[in-house]
Amino acid sequence: MNIFFRQPHGISGLLIFLFFSACTSHTTPNNNNTAAGYEEQKMTLEEQEKQNPLSFLSSDGTYRKNLLGRFVLDGTISNKATVATYKDVVLQIKFFSQTETLLGTKDFSIYEYYPPGSTKTFQLKVDAVNGTEKIGWSIIKASNN
């Protein structure tokens with residue numbers, strides 16, 4: 001397919017010229033294109049990740065009751081941060097009755113380093129509050145490396 005352009009005449013030609021001139025992109029230097037800009041952006045990201053570790057850490061897993069009546073929690077902790085390393089994660093274990101009434105909580109620290117993008121396993125053996133039928137857990141605290 002061939003496209004032919006006629007040379008514009010008069011005012012309409014001037015308007016077309018101005019329209020296409022306005023449509024051209026002009027790039028301006030950007031700090032992000034330089035090594036210094038990248039380092040500045042990286043530091044900002046690192047500061048954001050360090051200020052709010054709970055936004056980047058998550059935990060998952062399963063639990064069971066052993067023969068002694070203790071709950072055994074087999075889980076993982078994942079760090080979704082891209083720069084920050086966390087350590088000393090505190091899990092809060094919640095104890096629930098059969099009707100899902102909260103009976104109590106206990107905090108457990110896991111002394112481990114969690115580099116960016118890592119997932120690590122853990123196992124906790126927990127003595128439950130009397131009447132506990134179910135447990136749940138969440139990360140409530142972590143330290144920066």
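Thr85 touches Asn79, Tyr113, Tyr114, Pro115, Pro116, Ser143, Asn144 and Asn145 when residues up to four places away in sequence are not counted; contact here means heavy atoms within 4.5 Å. The model is predicted, so local features need pLDDT of at least 70 and side-chain atom pairs count only at pLDDT 80 or more, while totals for chains, interfaces and linings use all residues. Residues are numbered from 1 along each chain as its sequence is written, and side-chain values use heavy atoms, with hydrogens and water left out. Thr85 lies in the loop between β2 and β3. With a relative accessibility of 18%, Thr85 counts as buried (buried means under 20% relative accessible area, exposed over 50%, partly exposed in between, with a 1.4 Å probe and protein chains only).

The protein contains two helices and six strands, and along the sequence these follow the pattern α-α-β-β-β-β-β-β. Helices (H or I, at least four residues) and strands (E, at least two) are DSSP runs, numbered from the N terminus. Of the 145 residues in the protein, 25% are buried. The accessible surface amounts to about 10,500 Å², and carbon and sulfur atoms account for 54% of this area; accessible areas come from the Shrake-Rupley method with a 1.4 Å probe, and for residues only the protein chains shown count as cover. Among contacts between residues at least 6 apart in sequence, 67% join residues at least 24 apart.

The strands β1, β2 and β5 form an open sheet of three strands in the order β1-β2-β5, with antiparallel pairing. Two strands pair if DSSP finds at least two bridges between them. Both β1 (57-65) and β5 stand at the edges with a single partner strand each, so one side of each is left without a neighbour in the sheet. From one strand to the next, the twist averages 20°; axes are lines fitted to C-alpha atoms, for helices over the stretch in contact, and angles run from 0 to 180 degrees between N-to-C directions. The antiparallel strands β1 and β2 are joined by nine bridges. Ser58 has Ser78 as its bridge partner in β2.

Another open sheet of three strands has the order β4-β3-β6, and its pairing is antiparallel. Its edge strands, β4 and β6, each pair on one side only. On average, neighbouring strands of this sheet are turned by 20° against each other, direction ignored. Between β3 and β4, which run antiparallel, there are 10 bridges. The bridge partner of Gln92 in β4 is Asp107.

Gly136 belongs to strand β6 and is buried, its relative accessible area being 17%. Neighbours within four places in sequence aside, Gly136 is in contact with Gln92, Ile93, Lys94 and Phe96. Gly136 and Ile93 are 43 residues apart along the chain, and their C-alpha atoms are separated by 5.8 Å.

The largest nonpolar core has 20 residues, of which Leu57, Ile77, Val89, Leu91, Ile93, Phe122 and Leu124 touch the most other members. At least two residues of this core are supplied by each of β2 (71-79), β3 (86-96), β4 (102-114), β5 (119-126) and β6 (134-144). Strand β3 gives the largest share, five residues. A nonpolar core is a set of buried Ala, Val, Leu, Ile, Met, Phe, Trp, Tyr and Cys residues joined through side-chain atoms within 4.5 Å. Apart from neighbours within four places in sequence, Phe122 is in contact with Ser59, Leu73, Asp74, Gly75, Thr76, Ile77, Leu91 and Ile110.
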